[in-house]
Amino acid sequence: MSEYTFNDPWWLIILKVLAIFVGLVLMTLFTIWWERRVVSRMQNRIGPNRVGPFGLLQSLMDGFKLGLKEEIIPKTAHLAVYWIAPVISATMAFLAFAVIPFGPMVSIFGVETPLQLTDFPVSVLYVLAIASIGVYGIVLAGWSSGSTYPLLGGLRSSAQMISYELAMSMSFVAVFLYAGTMSTSGIVAAQEPIWYAVILLPSLLIYATAMVGETNRAPFDLPEAEGELVGGFHTEYSSLKFALFFLAEYINMVTVSALATTLFLGGWIAPWPLSLWDGANVGWWPLLWWFVKVQLFIFAFIWLRGTLPRLRYDQFMRFGWKVLIPASLLWIVIVAAARVVRNEFSVTTQELLLLGGGLLVVIIVGSWVLQVRSERRERAQVEAAKAEMDKPFDPYAGGYPVPPLPGQEFTYTSRRAKAAVVEGTATRTATAVLPGESADAPVPSTSDPEEGTHA
Amino acid sequence: MTSTDPSAAEAVVFWVCAFLSVVGGIGLILSRRAVHSALWVALTMISLAVLYIANAAPFLGMVQIIVYTGAVMMLFLFVLMVVGVDSSDSLVETLRGQRVAGILLAVGFGLLLAIGLGSALNGVPVVGLDGANGEYGGNVEGLARLLFSEYVLAFEIVAGLLVVAALGALVLAHRERWQPRRTQREISQERTRGGIHPAPLPPPGVYARHNAVDTPALLPDGSVADISVPGPLRARGDLRPVDTAAVAETAALTSGEATYGPAKRPVADDPGTSPGEPS
Amino acid sequence: MDAYAPILVLGLLAAGFAVFSVTLTTFTGPKRYNRAKVDAYECGIEPTPQPMGGGRFPVKYYLTAMMFIIFDIEIVFLYPWAVAFDQLPLFVFLAMMLFLFNLTVPYVYEWRRGGLDWD
């Protein structure tokens, strides 16, 4: 554990804060442009190419344009909350970046300092905490607009974010197990020998899936399902307030990518062929490696958006709750068990891998068998349920008047037919009549059905 | 910020956060809207978290935010939105004298806390958490040591509590499904095989002269497509009759038997130019 | 505390920027209001009566939030366990497995009852 101690002079703190702030805003502007260009290429278009070289200034101009737009506040809005929601969203987006390590110790104006704003023993938890406050921005924006679509979008989006936050938090456990710390710089340092993307690949896959859900990006962009909810939680926001939500979304994208880089791709540590060069992991170069790795994740985000259609909400929630969460729990157990075996019994890594491989085969085969069996059983259940529903509705089942079961059609039967039915059942179930009741009173005779039903 | 005295900084943090958490508590009571109350509680929770962190318990502080602000208050917000609690609800007190009793109890509790804590802490040397945190290499490690040795039974009992909570929520909120769930495949099959129009219905025949939806569309053979008019209108008998003269005119125009322009103008007798073209 | 001071600075800067942008639009944008503009947006139709106050939402969200709390607390216990894993005896591993197993019971029950299905 080589966590740095942070005691920068105040001017350096301000410098770093400014660098992060400006860097994030620039990154947002760049990412918006980059996303539009890449998606355009994927769709055989050109994309923005007019404003500035290669259209690079397009998003900046869009920002200015948004600032000059009329601000429309619905008259049903709850003003205080309506104003505070974009502020929460944007502030929390910036704050989460405080603990991301960009590089090793460097010298800035003669002061030795790590390329990281700050770090403490629970900094990954800090990112989670900030993210959970960030959800407030969305749910409050939806609520305070006083409009139907935003409220639906806000609720949906927060339910989605909390569901995927679980899988995301669980994917961290294996990393903490290996790193033995929750500080971001400590985790990066622990990946000096080997990246966790290699040894904890399932964690990375779970995290990578969850981070798309967490940032409400395609194919998990259900809160902004235009066909259903118009713009989701920010439907009623316009002008710069809308721009703040937009900014927050893109910063969050950068943040989760940076966190993925920190936790799984070795942070600023140089990748293999470069790491052979001695100077790769010192000075300012690591900033470049870090940036490239983050851009890889951002490109994956864009690629996903250009490729996949949006999921249906029930599919999405099922995936989160029934696939990601059990998978990550299982993975935690496997990792911990392997660690215990290695710690307690002197087993070599090779033996452990063989053992794990064998177990994996057993688990896969076993789960396949279970899956086939449960599918068969489910089909049988559905068939049985269907057969039950296909039965014609018997209004006097068991001798008593009963309502139709769900799925059964209420069929009107004539009194004469009813009377016949009643008599038939009465004779069939004569033994079931309780002694206290008069068994013969209301049974109508076929010759005089009217009298029987009125009695 | 090496220059600042740590205890002075801590004092500032304490007074700011203590003030904010009390403001949050008062705001909770005084807010008219339930959602605003929930927000004030969130403020209190975050202030408390900052206090924990200032007192060298960073793990507790972060967990306070994640669990209370992020999860519990979010549940409250959901519930407030789900049940639609609002200021319009009746605020008449159902328990007689509960306000007086509440105030008395609150004052009593406050006194108890002040006296109890005051006498317990009086003369106790303040050592801070640094020693405890340093013993096993950090706050989290020390916490883990304690939690999984001395308090392991309590830890397991928490699992039981959570089981009860989960089952309780399920029992309260779950709606039993009586019919097997219809899959998307079944729904689409039903739609295509059931004789229902699978695609969107034809839009009403809105011409320049009638911009109303009760104007039926015409099929290619000139007959009226009833389904192009919304069902309720059809049920009321509000189908606009087709202007047969207009239809005939259109047909004449498209087939070339007539031309645009003043009705008096004779049909073009020059066979060399097609009727619609400007000459 | 030194480690947390930069967060305060960044937070102040970010919040200041956000508040500045939120208030800026009041001065920069045109203001040409009419009744239709300040109505809630519902694709051009008359807005439905407002959902809060009178509206009801699927109770499903409540169940989701409750399950979230439960798993969240589980994760909160998992974190110190994972961080201190190598310092802790084998017994603690078993204790955590028991804890996880206990929490799997309501999860499986909920799954079987259909509490995790969305309509």
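Colleague: How many residues does the contact take from chain B, and how many from chain A?
Modeller: In this predicted model, the contact takes 20 residues from chain B and 24 residues from chain A. On the side of chain B that touches chain A, helix H2 (34–54), helix H3 (58–83) and helix H6 (139–147) of chain B each supply at least two residues, and H3(B) gives the most, with ten residues.

Colleague: What is the make-up, by class, of the side of chain B that touches chain A?
Modeller: That side of chain B has 14 nonpolar and six polar residues, and no charged residues.

Colleague: Why is H7(B) called roughly parallel to H4(C)?
Modeller: The axes of helix H7 (residues 152–173) of chain B and helix H4 (residues 90–113) of chain C cross at roughly 5° and come within 9 Å. Angles under 35 degrees count as roughly parallel, and therefore H7(B) is roughly parallel to H4(C). Among the residues of H7(B) in this contact are B:Phe155 and B:Leu162, while those of H4(C) include C:Phe99 and C:Arg113; by class, the contact of H7(B) with H4(C) divides into 15 nonpolar, two polar and three charged residues.

Colleague: What makes strand E1 and strand E2 of chain A a pair?
Modeller: Two strands pair if at least two bridges are found between them, and strand E1 (residues 103–108) of chain A and strand E2 (residues 111–115) of chain A have five bridges, in the antiparallel sense. Within this pairing, A:Val106 stands opposite A:Thr113 in E2(A). The hairpin of E1(A) and E2(A) has two residues between the strands, and in this hairpin A:Phe109 takes a positive phi near 50°.

Definitions and conventions: Residues are numbered from 1 along each chain as its sequence is written. Chains are lettered from A and ligands numbered from 1 in the order in which they are written. This is a predicted model: local features need pLDDT of at least 70, side-chain atom pairs count only at pLDDT 80 or more; totals for chains, interfaces and linings use all residues. Two residues are in contact if their C-beta atoms, placed from the backbone, lie within 7 Å. Helices (H or I, at least four residues) and strands (E, at least two) are DSSP runs, numbered from the N terminus. Ala, Val, Leu, Ile, Met, Phe, Trp, Tyr, Cys and Pro count as nonpolar, Asp, Glu, Lys and Arg as charged, and the others, Gly among them, as polar. Axes are lines fitted to C-alpha atoms, for helices over the stretch in contact, and angles run from 0 to 180 degrees between N-to-C directions. Angles under 35 degrees count as roughly parallel, over 145 as roughly antiparallel, 65 to 115 as roughly perpendicular and the rest as oblique.
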